[in-house]
Amino acid sequence: MDPLLVQASAVAVNGQALLIEGEPGSGKSSLALALIERGAQLIGDDGVTLTRNGKQVVASPPPNITGKLDIRGVGIVDLSTASAPLALILTLTDNAPRYREFADRRDLFGCAVPALPFVPGTIAPAERALWALKLHGRQSGLAIR
């Protein structure tokens, strides 16, 4: 299968990729930056390459803008990058349920990837994103619902 380039941001957290998608200006780069400040590694900002590897989807840095993170109002910075199996997709929105028992599933390359609508808001968005990954993320090699 050919790689898929998606307009999103992604970071690696403990070897798992968290893909952050949303409309322009929704806070994708800001959430990625907050996660990087908490130890995550950049995969891609405003572009992520997705490929299938066995039973998982892998998120990798995009061509041409590898290692670039756009910090709104500041500029573009260069960071080291990583690749990792995709564990969770967060879709930034202004409207998401307050409680979620289970994540939705999105089919990518025939793999079911957990996906959640996520309101970044101003109250601990990075910490809430890390909890979303912990509670709803796909663990590499494990069967999922």
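Is arginine 106 buried, partly exposed or exposed? I looked it up: arginine 106 counts as partly exposed, because its relative accessibility is 30%. The terms are set by relative accessible area: buried is under 20%, exposed is over 50%, and partly exposed is in between (1.4 Å probe, protein chains only).

**Ground rules**

I am working with a predicted model, where local features need pLDDT of at least 70, side-chain atom pairs count only at pLDDT 80 or more, and totals for chains, interfaces and linings use all residues. Residues are numbered from 1 along each chain as its sequence is written, and side-chain values use heavy atoms, with hydrogens and water left out.

**Entry 1: salt bridges**

I searched the whole structure for salt bridges and found three. The term means a side-chain nitrogen of Lys or Arg within 4 Å of a carboxyl oxygen of Asp or Glu.

I began with arginine 106, whose side chain meets that of glutamate 21 at 2.8 Å, N to O. Glutamate 21 is in strand β3 and arginine 106 in strand β10 (residues 104–108), so this pair links distant parts of the chain, 85 residues apart. Helices (H or I, at least four residues) and strands (E, at least two) are DSSP runs, numbered from the N terminus. I noted that glutamate 21 counts as buried, at 17% relative accessibility.

Next I took glutamate 127 and arginine 38, whose closest N and O atoms are 2.8 Å apart in their salt bridge. Because glutamate 127 lies in helix α2 and arginine 38 in the loop between α1 and β4 (41–44), the pair ties together parts 89 residues apart in sequence. Glutamate 127 is partly exposed at 33% relative accessibility, and arginine 38 is partly exposed with a relative accessible area of 44%.

Then I looked at lysine 68 and aspartate 78, which form a salt bridge with closest N and O atoms 2.5 Å apart. Lysine 68 is in strand β7 and aspartate 78 in strand β8 (residues 75–78), ten residues apart. Lysine 68 counts as partly exposed at 35% relative accessibility, whereas aspartate 78 counts as exposed at 56%.

**Entry 2: nonpolar cores**

I looked up the largest nonpolar core and found 23 residues in it. Such a core is a set of buried Ala, Val, Leu, Ile, Met, Phe, Trp, Tyr and Cys residues joined through side-chain atoms within 4.5 Å. Val11, Leu18, Leu31, Leu35 and Leu90 have the most contacts inside this core. Among the elements that each supply at least two of its residues are β2 (9–13), α1 (28–36) and α2 (125–136). I also noted a second, separate core of 19 residues, which includes Ala17, Val48, Leu50 and Phe109.

What does leucine 35 touch? Leaving out residues up to four places away in sequence, I listed Val11, Leu18, Ile20, Ala40, Ala126, Ala129 and Leu130. Contact means heavy atoms within 4.5 Å.

**Entry 3: helix α1**

In α1 I found Lys28, Leu31, Ala32, Leu35 and Ile36 buried. Seen down the axis of α1, these buried residues fall within an arc of 140 degrees, so they line one face of the helix. The arc is that of the directions from the helix axis to the C-beta atoms.

**Entry 4: positive phi**

I noted that asparagine 14 has a positive phi of about 50 degrees although it is not a glycine. Asparagine 14 sits in the loop between β2 and β3 and is exposed, with a relative accessible area of 79%. Alanine 124 also has a positive phi, near 45 degrees. I placed alanine 124 in the loop between β11 and α2, where it counts as partly exposed at 33% relative accessibility.
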